[in-house]
Amino acid sequence: MFVRLCMVLFFLTVCYGGMEEEEGVKYANKCEVCKILATELESRLDETGKTHEVLELGYAVDDVKPKKRTKYKKSELRLVESLDGLCERVLQYNIHKERKDSTRFDKGMSQTFQTLHGLVDKGVKVELGIPYELWDKPSAEITNMKTQCETLLEENEHAIEDWYFNHQGEIPLKQFLCSQKALKGESDTCLDEQFPSLLAKEEKQKPQKKKKRKDKNQDKKPESGRNSGDSTDDDTDSDGDEPIETDSSKRKVEL
């Protein structure tokens, strides 16, 4: 009983300490919310930008007047579809109480809950005051951040449209939307703090270099009785070997 009580007190101290000690939570500030909004929108645009679909816009009753054709990648439809349900993606984040900067909001399970789940898997009875089934549900900080995201998105809809149609590819969304618009005159230092989950994902996506195959003929020693200056069709000049091309830098594009 005493052990259980100590574990509960330790958990509450680690996970519910902060500025709002009386409420037991520390909500995201405006910079943290804008950072996640911009990150998720750019991620969503990357997902929808992989198609080469061409849209036909307008109506022609007699099918004589040609319809306006535009690439989906630059269309308003792509932006609308990317913004639809955008803030729902915030619920994929968790609280990482072991971190002190803005990366405390990140995807993946926190070290605290990894430890607690590990104890449960080993048969240790852990009581946190909430059912085990609710351990991985969005916390109060996360659900509040989703609401903040929706408000920020509504207030800066025109700024996002301006960036999408006029500045996309020229300036990062975090800089344009957060530093120059939503956080103008406020601190934006959190924007420089990179999510560990994104860094790990980028590391996994790096193409692995293919090792160059070694030419067996290079290891063959000249036969006895043959002059070093003699040459046959079987001899291979190592200086004339052509580099082996790899496919790591090529990407097949299907129209």
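Cys31 and Cys190 are both buried, where buried stands for under 20% relative accessible area, exposed for over 50% and partly exposed for anything in between, with a 1.4 Å probe and protein chains only. The model is a predicted one, so local features need pLDDT of at least 70 and side-chain atom pairs count only at pLDDT 80 or more, while totals for chains, interfaces and linings use all residues. Residues are numbered from 1 along each chain as its sequence is written, and side-chain values use heavy atoms, with hydrogens and water left out.

A disulfide joins Cys31 to Cys190, with an S to S distance of 2.0 Å; the term covers a pair of cysteine sulfur atoms within 2.5 Å. The torsion about the S-S bond of Cys31 and Cys190 is about -100°, so this disulfide is left-handed. The pair links distant parts of the chain, 159 residues apart: Cys31 sits in helix H2, and Cys190 in the loop between H7 and helix H8 (196-205). Helices (H or I, at least four residues) and strands (E, at least two) are DSSP runs, numbered from the N terminus.

In total, the structure holds 3 disulfides. Another of them joins Cys34 to Cys178, at 2.1 Å from S to S, and with -100° about the S-S bond this link is left-handed too. Since Cys34 lies in helix H2 and Cys178 in helix H7, the pair ties together parts that are 144 residues apart in sequence. Cys34 counts as buried because its relative accessibility is 0%, and Cys178 is buried with a relative accessible area of 0%.

The remaining bridge runs from Cys87 to Cys149, again at 2.1 Å from S to S. Here the torsion about the S-S bond is about -75°, so the disulfide is left-handed. Cys87 lies in the loop between helix H3 (76-83) and strand S3 (93-95) and Cys149 in helix H5, so parts 62 residues apart in sequence are tied together. Cys87 and Cys149 are both buried. With the bonded cysteines of the protein numbered in sequence order, the pairing reads 1-6, 2-5, 3-4.

What does H7 turn toward its neighbours? In helix H7 (residues 173-182), the buried residues are Leu173, Phe176, Leu177, Cys178 and Ala182. Seen down the axis of H7, these buried residues fall within an arc of 160°, so they line one face of the helix; the arc is that of the directions from the helix axis to the C-beta atoms. They pack against helix H2 (30-48), helix H5 (140-155) and helix H6 (157-167), contact being heavy atoms within 4.5 Å.

Just after H3, Gly85 takes a positive phi of about 70°. Leaving aside residues up to four places away in sequence, Ser82 touches Leu41, Arg44, Leu45 and Thr48. Ser82 and Ser43 are 39 residues apart in sequence, yet 9.2 Å apart in space, C-alpha to C-alpha.

The axes of H2 and H5 come within 10 Å and cross at roughly 75°, the axes being lines fitted to C-alpha atoms (for helices over the stretch in contact), with angles running from 0 to 180 degrees between N-to-C directions. H2 and H5 are therefore roughly perpendicular to each other; that label takes in 65 to 115 degrees, against under 35 for roughly parallel, over 145 for roughly antiparallel and oblique for the rest. On the H2 side the contact is made by Lys30, Val33, Cys34, Ile36 and Leu37, and on the H5 side by Met145, Gln148, Cys149, Leu152 and Leu153.

The largest nonpolar core has 36 residues, and those with the most contacts inside it are Leu37, Met145 and Ile160. Such a core is a set of buried Ala, Val, Leu, Ile, Met, Phe, Trp, Tyr and Cys residues joined through side-chain atoms within 4.5 Å. H2, H3, S3, H5, H6 and H7 are the elements that give two or more residues to this core, and H2 gives the most, with 8 residues. Met145 touches Ala28, Val33, Ile36, Val90 and Phe105, not counting residues up to four places away in sequence.
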